Amino acid sequence: MKTLKLFGAFATAAILSTTAMAGYDFDVAGQISAVDNKNKTITLSGPGGQLVIKVLPYTEIKDCGAFGQDVYRTFRDLTVGKFVKVEAIPYGGYNAYADSNSGAINPQTGLPQNMQLTAKEIEWKCYPRAY
């Protein structure tokens with residue numbers, strides 16, 4: 001019974017922490033212009049400039065598979081030139097949007113001032129290309 005209560009407490013904490021972080025992520029799309037294997041980062045180029053995003057061991061990396069089913073990939077599958085959509089959170093997972101961290105967000109871009117982002121998920125689709 002004690003083990004069941006302990007498991008319930010851990011499960012509740014995990015759900016609440018996941019729910020707390022769910023509102024602080026955002027999507028960033030762009031073309032990979034650089035891959036840093038040593039630091040496990042990718043650089044995205046887009047209309048707003050370049051953005052460096054940290055990839056962690058638990059980041060989900062996936063692409064389209066047969067019949068539209070997701071296929072999970074690894075960091076080495078992220079290559080220059082690939083157009084990706086990244087679900088990102090501020091680096092370290094802190095709540096940059098809390099009142100106590102109000103100076104952490106650039107009001108013009110809505111992104112963290114230090115531009116340090118961590119990828120929760122990286123995904124690319126197999127859309128037909130324009131050329």
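The model is predicted: local features need pLDDT of at least 70, side-chain atom pairs count only at pLDDT 80 or more, and totals for chains, interfaces and linings use all residues. Residues are numbered from 1 along each chain as its sequence is written, and side-chain values use heavy atoms, with hydrogens and water left out.

A salt bridge here is a side-chain nitrogen of Lys or Arg within 4 Å of a carboxyl oxygen of Asp or Glu. By this rule there are 4 salt bridges, including those in the table.

| Pair | N to O distance |
|---|---|
| E60 and K62 | 3.8 Å |
| K62 and E121 | 3.4 Å |
| D63 and R73 | 3.3 Å |

E60, K62 and E121 form a linked network of salt bridges. In terms of relative accessible area, buried means under 20%, exposed over 50%, and partly exposed in between (1.4 Å probe, protein chains only). E60 is partly exposed at 35%, whereas K62 is buried at 9%. Strands are DSSP runs (E, at least two residues), numbered from the N terminus.

The salt bridge between D63 and R73 joins strand β3 to the loop between β4 (70–72) and β5 (83–90), so it ties together parts that are 10 residues apart in sequence. D63 is buried, with a relative accessible area of 8%; R73 is partly exposed at 36%.

Note on methods:
Helices (H or I, at least four residues) and strands (E, at least two) are DSSP runs, numbered from the N terminus.
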